[in-house]
Amino acid sequence: MIRMRIITLFTALIMVGAYLGICYIGILDEQKTRIIKVGFIYDGDESAPYTYNFIRVQEKLDEYYKGVRVSTVCRYNMPEDKGEQGLSELVDEGCDIIFSTSYGYENAAKKMAKEHPDIQFCQATGDNANIDPLPNYHTFMGEIYEGRYVSGIVAGMKLQTLIEGGIISENQAKVGYVGAFPYAEVISGYTAFILGVRSIVPTATMEVRYTGTWTSYSLEKKCAQDLIDAGCVIISQHSDTIGPAAACEAASEDGRIVYHVGYNQSMIDVAPTTTLVSSRIDWSKYIFAAVDAVLNKKDIERSVGGHVHGNDVGAGFEEGWVQLLDLNSLVVADGTEAAVEKAKDKLNRKQLTVFQGDYIGINPDDPEDKINLNSGYIENENASAPSFHYILQDVVTVVEEK
């Protein structure tokens with residue numbers, strides 16, 4: 001009797017094991033044949049370098065998967081106040097994961113995520129993933145302050161060459177910055193940039209002008225022209241068009257001494273005699289990993305290489321999220337490439353705190369709120385979205401457009 005019970009138990013265990021094995025094989029087969037649709041919502045189109053960086057990733061997804069397991073769909077030129085409409089259309093298209101690519105979409109994206117728990121929503125540059133978190137709502141951004149800082153070193157070395165050559169004096173070491181909005185993302189970026197410049201030329205100052213929009217070629221070009229007229233000899237930008245680069249090239253052709261540092265794309269073709277360098281975020285690092293996670297039913301944050309903060313991920317040079325694009329060898333100062341590599345190595349080794357020095361920062365929204373940077377400020381310590389939002393006293397001047 002005991003032997004029969006043992007045989008019966010053994011047979012049952014074999015049957016259970018076989019069933020579980022069949023289920024596991026079925027899961028693997030389902031994962032191998034799973035088909036998903038990926039949605040993108042853009043506030044611009046290919047004409048805006050920022051948007052084009054995302055479009056390139058969408059195109060790479062199509063090329064990589066060849067439409068067999070992953071297909072993509074998008075909405076172009078959706079104003080931020082029309083975000084919910086664009087997101088609703090992507091939901092109706094049957095998307096399994098949706099990437100919203102502009103900061104102003106984040107509230108609509110989180111609202112849609114709450115209404116559609118079976119769809120993953122990933123918000124670029126967002127800062128609200130860990131406020132009342134949802135399992136299907138995520139934020140991500142490259143730690144671009146690193147690229148801004150190193151770009152500032154490139155600009156600073158050019159300034160130093162101009163000073164040593166007697167072309168400008170130390171007191172004329174003034175740089176300009178075209179920003180879209182007075183967001184922390186923009187303020188953090190231009191602060192990192194001027195700190196990179198001042199690591200080479202300690203007397204350098206900066207003038208900032210805001211356009212009040214992300215994608216106006218004419219406004220960005222005008223702001224850059226105004227900055228040049230105000231005596232700025234290097235112009236950088238956190239705005240989405242090539243307007244500032246075009247303004248610098250035109251001014252140079254008129255005999256003005258001015259150079260340009262770009263964002264989102266190499267602008268050497270636009271401004272071949274004035275562009276020094278550009279930096280950008282490589283969004284593919286996150287997007288490909290997130291798509292693969294949804295395709296294979298994995299957790300997104302566990303699948304992405306970067307610094308994870310709850311439902312938020314970011315990284316800098318060390319993970320390839322931030323890139324410094326082509327140095328213009330015809331224009332940059334001698335020794336620039338070596339200086340760039342040295343700075344990047346220090347950043348990767350965590351041997352350099354960018355937001356540190358004998359500076360006082362003032363919150364533009366509350367002048368009583370000040371920060372002393374002698375002890376340093378660690379950007380992106382707790383989130384991928386930049387948080388530094390102080391104006392450096394006696395270094396940065398913000399000029400309101402009339």
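Contact here means heavy atoms within 4.5 Å. The model is predicted: local features need pLDDT of at least 70, side-chain atom pairs count only at pLDDT 80 or more, and totals for chains, interfaces and linings use all residues. Numbering runs from 1 along each chain as its sequence is written, and side-chain values use heavy atoms, without hydrogens and water.

Start with the whole chain. Its C-alpha atoms fill a box of roughly 105 × 45 × 40 Å along the principal axes. Of its 402 residues, 53% count as buried (under 20% relative accessible area, 1.4 Å probe, protein chains only).

Select Tyr190 next. Beyond residues up to four places away in sequence, Tyr190 touches Tyr177, Met206, Val208, Tyr210, Ile391, Val396 and Val398.

Now show the largest nonpolar core, with 92 residues. Such a core is a set of buried Ala, Val, Leu, Ile, Met, Phe, Trp, Tyr and Cys residues joined through side-chain atoms within 4.5 Å. Tyr190 is among the members that touch the most others, as are Phe99 and Trp283. Colour helix H5 (residues 145-164): it gives the largest share of this core, 10 residues. Helices are DSSP runs of H or I, at least four residues; strands are E runs of at least two, and both are numbered from the N terminus. A separate core has 18 residues, including Ile41 and Tyr137.

Finish at Glu379, in the loop between strand E15 (366-372) and strand E16 (391-392). What lies 3.0 Å from a polar atom of its side chain? The backbone nitrogen of Ser387 does. The backbone nitrogen of Phe388 lies 3.1 Å from a polar atom of the Glu379 side chain.

Definitions and conventions: Polar contact = N/O pair within 3.5 Å; in protein donor to acceptor, adjacent residues only side chain to side chain. Buried < 20%, exposed > 50% of the residue type's maximum accessible area, 1.4 Å probe, protein only.
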